[in-house]
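Reader: I am meeting this structure for the first time. Would you kindly guide me through it in a series of questions and answers?

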Amino acid sequence: MDKRLHGKDARVDARGIRPPDAYSIAERAAPDGVVVLELAGEFDVAAASVLCERFDAAHARRPQAVVADMADVTFADSSTLRELLRASSSMRDAGTRFIPAALPAVVERLLDLTRARELLEVAPSVEAALTRLDGRR
């Protein structure tokens with residue numbers, strides 16, 4: 001199973017240069033019962049469907065928690081916020097915790113501007129999220 005997905009826009013320009021992928025989502029090692037997804041790059045409407053699929057696939061494994069490591073996210077728009085809120089709500093309804101962690105300034109600002117921070121269980125780092133989970137498992 002491919003644990004890494006990249007932006008699908010892998011065009012080659014007139015000079016034969018392929019631009020870098022806009023985003024990536026990779027799963028990293030985590031304690032039993034936890035899925036940690038590392039997000040990197042620009043998350044906009046073009047990435048929303050893949051983000052939704054990855055959150056749903058992680059949740060389908062029935063972990064106790066899913067942690068979204070956002071430390072390397074360089075851009076996030078309202079479609080990303082929608083997917084974070086959707087994942088949080090659907091996982092919470094099923095008894096799974098969803099914790100966005102290590103939020104960069106661009107995501108912090110998005111949550112502040114939309115007043116969505118109180119709707120998400122946010123952790124300052126992946127390690128803090130795992131420690132929090134360790135105390136409640």
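**Questions on a predicted model**

Reader: Is Arg62 buried or exposed?

Author: A residue counts as exposed when its relative accessible area is over 50%. Arg62 has a relative accessible area of 73%, so Arg62 is exposed.

Reader: How many Å apart in space are Arg62 and Met91, C-alpha to C-alpha?

Author: Along the sequence, 29 residues separate Arg62 and Met91. In space, the C-alpha to C-alpha distance between Arg62 and Met91 is 9.4 Å.

Reader: Is Thr96 buried or exposed?

Author: Thr96 is located in the loop between α2 and β5. Its contacts, leaving aside residues up to four places away in sequence, are with His59, Pro63, Gln64, Ala65, Val66 and Met91. The cut-off for a buried residue is under 20% relative accessible area. Thr96 has 7% relative accessibility, so Thr96 counts as buried.

Reader: How are α1 and α2 oriented to each other, roughly parallel or roughly perpendicular?

Author: Two packed helices are described by the angle between their axes and the distance between the axes. Helix α1 (residues 45–60) and helix α2 (residues 78–93) have axes 9 Å apart and pack at an angle of about 15°. Angles under 35 degrees count as roughly parallel. Therefore α1 and α2 are, to each other, roughly parallel.

Reader: Which classes of residue make up the contact of α1 with α2, and how many of each are there?

Author: On the α1 side, the residues are Val45, Ala48, Leu51, Cys52, Phe55, Asp56 and His59, and they meet Ser79, Thr80, Arg82, Glu83, Leu84, Arg86, Ala87, Ser90 and Met91 in α2. Sorted by class, the contact of α1 with α2 has four charged, four polar and eight nonpolar residues.

Reader: How many aromatic pairs does a search of the whole structure find?

Author: The search of the whole structure covers pairs of aromatic residues, and the number of aromatic pairs found is two.

Reader: How many residues apart in sequence are the parts that Tyr23 and Phe43 tie together?

Author: Tyr23 and Phe43 form a tilted aromatic pair, with 5.4 Å centre to centre and 45° between the planes. Tyr23 and Phe43 are both buried. Tyr23 belongs to strand β2 (residues 23–28) and Phe43 to strand β3 (residues 34–43), so the parts tied together by this pair are apart in sequence by 20 residues.

Reader: What kind of aromatic pair do Phe55 and Phe98 form, stacked or edge-to-face?

Author: Phe55 lies in helix α1 and Phe98 in strand β5 (residues 97–101), so their pair ties together parts 43 residues apart in sequence. Both Phe55 and Phe98 are buried. Their rings are 5.1 Å apart centre to centre, with 70° between the planes, and planes over 60 degrees apart count as edge-to-face. The pair of Phe55 and Phe98 is edge-to-face.

Key
Residues are numbered from 1 along each chain as its sequence is written. This is a predicted model: local features need pLDDT of at least 70, side-chain atom pairs count only at pLDDT 80 or more; totals for chains, interfaces and linings use all residues. Side-chain values use heavy atoms; hydrogens and water are left out. Axes are lines fitted to C-alpha atoms, for helices over the stretch in contact, and angles run from 0 to 180 degrees between N-to-C directions. Helices (H or I, at least four residues) and strands (E, at least two) are DSSP runs, numbered from the N terminus. Angles under 35 degrees count as roughly parallel, over 145 as roughly antiparallel, 65 to 115 as roughly perpendicular and the rest as oblique. Contact means heavy atoms within 4.5 Å. Ala, Val, Leu, Ile, Met, Phe, Trp, Tyr, Cys and Pro count as nonpolar, Asp, Glu, Lys and Arg as charged, and the others, Gly among them, as polar. Rings of Phe, Tyr and Trp (its six-membered ring) pair if their centres lie within 6.5 Å; planes under 30 degrees apart count as stacked, over 60 as edge-to-face and the rest as tilted. Buried means under 20% relative accessible area, exposed over 50%, partly exposed in between (1.4 Å probe, protein chains only).
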